[in-house]
Each structure stands twice: as C-alpha cells, then as structure tokens.
Amino acid sequence: MSFHDGAAHVGPLTLDADVVVVGSGAGGAVAAAVLAEAGQRVIVLEEGRHVPQAEYGKMTPSQQMRAMWRDAGLTFAVGVGDSPVINVMMGKCVGGSSALTGGVCFRTPGHVLKAWREERGLPMFTDAHLEPYFEEVERVVHVEEVPAHLRSRSTALFHEGATRLGHPCKPIHRNTEGCEGHSKCNFGCPKGAKKSVDLSWLPRATAKGAQVWSHCLVERVTHHEGRANGVVGRLLNGEGGSPGTSFTVHAPRVVLAAGAYHTPLLAMASGIGRRSGQVGKNLTLHPAFRIMARFDEQVAGWRGALQSMFNDDWEHEGIVMTSMFLPPGVLAATMPGIGAKHHERARQMGQLGVFGGMVHDEGGGVVRRGPGREPFVTYEMHKKDKATVPRLMRVMADIWFAAGAKEVFLPVLGLGGVTADRLKTLDLEHVKGRDLECGSQHPLGTTRMGSSKETSVVDPYGECWDLPGCTIVDGSVVPTSLGVNPQLTIMTMALRIATHLT
C-alpha cells in the first residue's frame with residue numbers, strides 16, 4: 001500500500017527509511033521519485049489530506065479550497081510600511097500547490113541565472129548546465145504550448161488591445177495533456193489534464209515503493225553527532241484533526257520540501273541556519289494584481305484555458321502579465337460594491353475580461369514563528385517595486401481600452417469602475433499600499449542557496465551548511481525572485497539536487 005492516512009492511525013508511529021521527504025509538492029515529489037527510482041527506501045510526509053484527482057475533480061471551488069488550500073486560501077503576508085496586505089495562496093494536500101496552480105511553466109530567465117552567477121556566487125547555474133534537467137522535467141510533466149483554440153475571448157481581447165499598441169502577447173507553456181479549456185486549473189482540473197506532481201512524479205515514486213503519509217505534522221529534524229538522522233512530529237489524529245499521537249521517522253537522509261513559509265519554521269526549530277541568520281528572510285512573492293475590464297459584448301471568459309498567453313514587453317520595468325479567468329462564482333464574489341450594487345456588477349460577469357500583472361520584486365518578506373502552527377509573515381515592498389504598481393495598472397488599463405473596453409476595474413479598494421477619461425485624472429502614484437488588492441502564489445527564498453555559510457542557508461546542492469544529511473529542495477532555496485511563475489524552476493532545481501544525492 002503506497003498511501004497512508006496519519007489521521008486514521010491509532011497510537012504512536014515509528015518508521016524507518018533511507019530518506020524521509022517532508023512535503024509532497026513540486027520539490028518533494030520530484031526528489032521522492034528520483035531517490036525511489038535509485039533504489040532508496042523513501043517515506044514522504046504531508047501535513048494535508050490525500051485527495052485523489054477523481055475526487056477533487058468533482059469538487060466546487062469552495063469545497064476544494066476547504067479541502068486542499070492552506071487556511072482555505074486565506075493565508076496572508078502582513079504589509080509593513082506603505083505595502084499592501086498580500087493574500088498568499090498555497091496548497092495543503094498531497095501534491096501541494098502543484099495541484100492548485102494554473103500549470104504555467106517558464107524556464108528560469110537567463111538574466112536571472114546571470115544574477116545568480118555574478119551576485120550570488122553560483123557560477124554553475126548556466127543555461128547549458130540546467131538544460132538536461134529542464135528537458136527531463138518538461139518531458140515528465142508534459143509541458144506544451146497552449147494552442148490558439150484554447151484562448152478564451154477574454155485573453156483574445158487583451159491580445160488584440162496589446163497588438164494595437166505594438167506589444168502583442170505570446171503563447172504560454174503549461175504542464176497539460178488533453179486540456180479541454182474548463183478554466184478551473186487553480187481548483188483542480190476536472191479531467192486530470194494538468195499533470196501536477198500528484199499525477200506525474202508521485203506515481204513514479206510510489207511505483208518504486210515510496211510510501212506517502214498524509215496528515216503528518218513534522219515538528220523537528222533530529223540529528224546525532226552533527227548529522228541529520230530523521231524527523232519527529234505528531235499525527236493529526238486528535239479531536240477534529242488536531243495534533244494527536246507522536247511519530248518518528250528514522251532516516252540517514254532528510255529532505256525538506258515544506259515550502260517557503262514552512263520549511264524555515266522547521267529549520268528554526270531544528271537549529272539550522274543560525275550562523276548565517278538568513279533563515280526566514282529574503283522572502284519574495286511576485287506581488288500580483290488583477291485588472292478587469294467590462295465590454296458591451298458577451299465575453300464569457302471562462303470558456304477556454306485559464307491561462308494561455310503572457311506579455312513580458314515590460315519585464316525590464318519589472319512587469320510580466322499573464323492571462324487568467326477564475327470560475328464565475330469565485331470572480332463574482334470579488335466584484336466591487338455592496339448589496340444591490342454588488343449584485344448588479346456580478347450580473348455583468350459575462351461581459352468581463354481579466355488579465356493579471358505581477359511585479360518582479362526585490363524581496364522584503366520575513367517569516368517568523370507564530371503563536372501556533374502557522375508562521376507570522378511580514379512583507380515590506382521595496383520602494384522601486386511600489387513605484388512599479390501604478391505603472392502596471394496604467395499599462396494594462398490602456399491595453400484594455402485599446403481593445404474596446406468601456407471601463408476597467410483596478411485593484412484599488414473602493415475605486416469601482418474607471419472610464420478611459422477618468423483614468424487620466426487618477427493619482428495612482430499616491431495610492432496607499434493598504435488600499436491595494438494584492439495576491440501571490442509564488443513565495444520563494446526563505447532558506448536561500450548560496451556559496452557561503454555566512455550569507456546563505458544551503459550550499460549549491462541544497463544541503464544545509466549547519467546540518468549535513470539535511471537537504472532542502474523547495475522554493476525556499478531559490479536565490480532570488482524570478483519574475484515568472486516558479487514551478488518549473490522548483491522542479492528543475494529539485495531534480496538537480498536529488499540526482500546529486502543518488
């Protein structure tokens with residue numbers, strides 16, 4: 001039996017393995033597959049539920065958020081200074097956030113790799129070095145270009161407007177096979193067409209004997225004579241799913257993949273990273289903003305792929321734009337207004353176009369221990385990044401108006417619809433951070449990789465400087481912000497690190 005439910009286990013639990021992997025998302029699943037296929041006994045521990053695709057594919061968005069999202073999608077980074085509060089959405093289930101992304105796959109940009117080489121002291125990160133790892137990941141998860149027939153009318157309109165302004169959009173690549181354009185990628189593909197790690201890498205791991213234990217809350221990495229030798233924690237078999245009996249996994253190799261929010265908590269609890277003082281720091285988020293537009297025509301933006309095109313013509317200013325369209329019920333709930341006004345706006349759902357813009361941020365986030373299981377996270381947006389936000393809003397609004405939109409909805413709380421004439425009068429450059437509606441699905445960097453134990457938490461192959469035998473393979477090791485969706489980078493980094501461990 002490959003999958004085990006810690007919530008159903010009675011009494012304490014002790015397991016033995018060659019490798020214990022903490023976290024089953026993009027990093028953990030890849031590492032588990034590589035190590036199991038190398039003949040090692042692998043145990044994967046996941047705090048969340050195991051929800052098979054046949055089950056989550058039938059769930060409504062609200063059901064799925066309660067079952068598979070951390071805090072039902074209500075995790076936040078608290079804004080410091082003139083910074084917005086950022087809704088940071090991440091998974092809490094077997095497969096992690098991979099099951100809940102739009103499936104977008106970008107390779108790490110060349111200029112980012114150059115910064116890693118020149119500024120972070122990591123000369124090995126060249127395109128040529130990473131090429132075979134990217135190719136293998138893209139093969140396993142079936143990365144393909146989204147065909148034109150899957151573009152929603154919402155995306156097509158934005159592309160038309162951008163083209164009229166001399167900045168046409170480009171097709172996105174995603175990890176899909178047989179996509180039918182249900183626009184529910186962020187809520188679990190109903191047909192299993194998105195090859196998230198629960199449908200790609202984890203089956204490879206379990207086919208070679210890996211065990212996956214859900215509802216297991218890891219609390220600390222254990223060590224003996226200066227080397228990691230396992231983990232301890234509690235099964236979530238208490239009343240109402242609370243922490244109950246203890247568990248121990250003995251393993252000479254520990255792989256942490258709990259994500260940029262929770263891996264640093266494990267590191268802190270285990271005494272990792274004290275020398276550098278970098279654990280929990282350097283958090284980047286790619287702050288993202290949704291720009292909506294109303295047309296006179298029927299758009300029905302939910303018909304087609306959730307994400308199919310992007311525009312990076314303003315990347316030199318730190319702006320990348322990607323198409324998106326959430327399920328109508330979710331999007332309607334975010335429309336402006338109260339009572340009758342909100343109802344009137346929600347009825348216009350069929351006439352809306354939606355596109356997202358994100359900022360390639362410098363990083364100003366810190367993950368700290370909270371009073372309970374969850375961390376307390378703050379984020380102070382760099383002044384340069386904050387100045388990019390009004391530029392992003394104006395560029396995207398201009399594109400929508402060039403496409404024929406009658407009004408746009410900017411991510412400014414309480415603003416309402418804005419016409420082209422009114423846009424020219426708005427002082428967006430002085431909107432307070434607290435008044436911005438902002439989200440993220442890309443937390444990175446809180447146990448960053450580097451060339452020195454004084455300035456980083458892990459070495460170039462993910463091993464903790466302070467604790468040999470403990471390796472980190474998730475987004476927390478990514479040295480800097482990427483400016484693009486990170487899942488392909490995370491899987492590629494994990495493949496490179498895990499291959500080094502075999």
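This note walks through the pockets, cores, helices and a few single residues of a predicted model.

1. **The second largest pocket.** This pocket holds about 470 Å³ of space. Its lining counts 24 residues, and the closest to the centre are His 360, Asp 361, Glu 362, Thr 480 and Ser 481. By class, the lining has 5 nonpolar, 11 polar and 8 charged residues.

2. Two helices, H4 (110-119) and H11 (383-402), each give at least two residues to the lining of the second largest pocket. H4 supplies the largest share, with 4 residues.

3. **Helix H4 itself.** Which residues of H4 are buried? They are Val 112, Leu 113, Ala 115 and Trp 116. Viewed down the axis of H4, these buried residues fall within an arc of 155°, so they line one face of the helix. They pack against helix H5 (127-140) and helix H13 (487-501). After H4 comes Gly 121, with a positive phi near 70°.

4. **Helix H3.** The buried residues of H3 (61-68) are Pro 61, Gln 64, Ala 67 and Met 68. Around the axis they cover an arc of only 130°, which puts them on the same side of H3. Helix H2 (53-56) and helix H9 (328-333) are among the elements that cover them.

5. **The largest nonpolar core.** This core has 137 residues. Leu 45, Trp 201, Val 231, Trp 400 and Leu 410 touch the most other members. Take Leu 410 as an example. Beyond its neighbours within four places in sequence, Leu 410 is in contact with Ile 291, Met 393, Ala 397, Leu 415, Leu 423, Leu 426 and Leu 428. Another core lies apart from the largest one. That other core has 24 residues, including Leu 100, Leu 331, Ala 332 and Ala 346.

6. **The cavity.** How many cavities of 30 Å³ or more does the structure hold? The structure holds 1. About 100 Å³ of space lies in the largest cavity. Its lining has 15 residues, and nearest the centre lie Cys 179, Gly 181, His 182, Cys 185 and Cys 189. The lining divides into 7 nonpolar, 4 polar and 4 charged residues.

7. Most residues other than glycine have a negative phi. Two residues deserve a look here. Ala 72 has a positive phi of about 55° and is not a glycine. Ala 72 sits in the loop between helix H3 (61-68) and strand E5 (76-79). Ser 183 also has a positive phi, near 55°. Its place is the loop between strand E9 (173-175) and helix H7 (201-207).

8. **Buried or partly exposed?** The surroundings of these two residues can be compared by accessibility. Ala 72 is partly exposed, at a relative accessible area of 29%. Ser 183 counts as buried, at 3% relative accessibility.

9. **Leu 235.** This residue lies in strand E12 (residues 227-235). Leu 235 is buried, with a relative accessible area of 0%. What does Leu 235 touch, leaving aside neighbours within four places in sequence? Its contacts are Gly 6, His 9, Gly 11, Leu 13, His 215, Cys 216, Ser 242, Pro 243, Gly 244, Thr 245 and Phe 247. How many residues separate Leu 235 from Asp 421 along the chain? They are 186 residues apart, and their C-alpha atoms are separated by 58 Å.

10. **Pro 168.** Pro 168 is placed in the loop between helix H6 (153-164) and strand E8 (170-171). Pro 168 is partly exposed, with a relative accessible area of 38%. Not counting residues up to four places away in sequence, Pro 168 touches His 159, Ala 162, Thr 163, Asn 311 and Asp 313. Pro 168 and Phe 158 are 10 residues apart in sequence, and their C-alpha atoms are 9.0 Å apart in space.

How values were computed. Residues numbered from 1 in each chain as written. Predicted model: local features only at pLDDT ≥ 70, side-chain atom pairs only at ≥ 80, totals over all residues. Heavy atoms only, no water. 1 Å grid on protein atoms, 1.4 Å probe; cavity = no way out; pocket = protein on both sides within 12 Å on 5 of 7 lines; lining within 4 Å. Points joined across faces, edges and corners; volume = space filled by probe spheres on them. Nonpolar A, V, L, I, M, F, W, Y, C, P; charged D, E, K, R; others polar. Core = buried A, V, L, I, M, F, W, Y, C linked by side-chain atoms within 4.5 Å. Buried < 20%, exposed > 50% of the residue type's maximum accessible area, 1.4 Å probe, protein only. Contact = heavy atoms within 4.5 Å. Arc of directions from axis to C-beta.
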